Amino acid sequence: IVTLYPRGGGEQATGTLNDGTRNMSVTLKGVTYTGQFVRGQTFGFGIGQSFGATPTFGTGLMVGSNNQSSALLVSTDGKNVLRCELKVVAAIGGNGVCVDKDNVTYDMNIKAQ
C-alpha cells in the first residue's frame, strides 16, 4: 500500500505497488496515475589503508548498497505525470518522494500488505 502525504498539507493520495511486476498506481485528487518503477540498484566495495608516523598500519573494508528506484506515473488521460523516487526496504516496505505537475512534493510511505 502506498500513501502520499503532501508536505504543505492537503489531501493525501493512496495507491499500490507490486514489487514483482514493478507496477505502481496512485490516485491523487481523483486522478489515477499508473506506470512502472525502474530499479536502480548499486553496490559498492572498497578497501582503505592508512600508514602512521610510527610503525602502524590500518586497513578498513567498506561495503555499501543502494536500492533506489524511480517511477514516472502517467494520468489516465495522458495529460499529467507524477515523478517519484522510492527506496524499498526488503519486502516490508519503504519510503520515497513524489512531485506532481504543479511541483507539489509528497512524502511517500510504502507498507507491505
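The questions and answers below go through a predicted model, one element at a time.

Residues are numbered from 1 along each chain as its sequence is written, and side-chain values use heavy atoms, with hydrogens and water left out. Local features need pLDDT of at least 70 and side-chain atom pairs count only at pLDDT 80 or more, while totals for chains, interfaces and linings use all residues.

Me: How many residues of strand 1 are buried?
Reply: Strands are DSSP runs of E, at least two residues long, numbered from the N terminus. Buried means under 20% relative accessible area, exposed over 50%, and partly exposed in between, with a 1.4 Å probe and protein chains only. Strand 1 covers residues 2-6 and is largely enclosed by the rest of the structure, because the buried ones among its five residues number four.

Me: In which sense does strand 1 pair with strand 8, and over how many bridges?
Reply: Two strands pair if DSSP finds at least two bridges between them. P6 stands opposite Y106 in strand 8. Strand 8 spans residues 105-111, and its pairing with strand 1 is antiparallel, over five bridges.

Me: What is the bridge partner of L4 in strand 2?
Reply: Strand 2 (residues 13-18) runs antiparallel to strand 1, and three bridges join them. Their hairpin has six residues between the strands, and G9 takes a positive phi near 90° there. In strand 2, L4 is partnered by A13.

Me: Which residues does the disulfide join?
Reply: A disulfide is a pair of cysteine sulfur atoms within 2.5 Å, and the structure holds one. The S to S distance is 2.1 Å, and the residues joined are C84 and C98. The pair links distant parts of the chain, 14 residues apart, from strand 6 (residues 81-89) to strand 7 (residues 93-99). With 110° about the S-S bond, the link is right-handed, and its two ends are C84 and C98.

Me: How far apart in space are Y33 and S75, C-alpha to C-alpha?
Reply: Y33 lies in strand 4 (residues 31-51) and is buried, with a relative accessible area of 6%. Contact means heavy atoms within 4.5 Å; leaving aside neighbours within four places in sequence, Y33 is in contact with residues including L73, V74, S75 and V81. Y33 and S75 are 42 residues apart in sequence, and their C-alpha to C-alpha distance is 4.1 Å.
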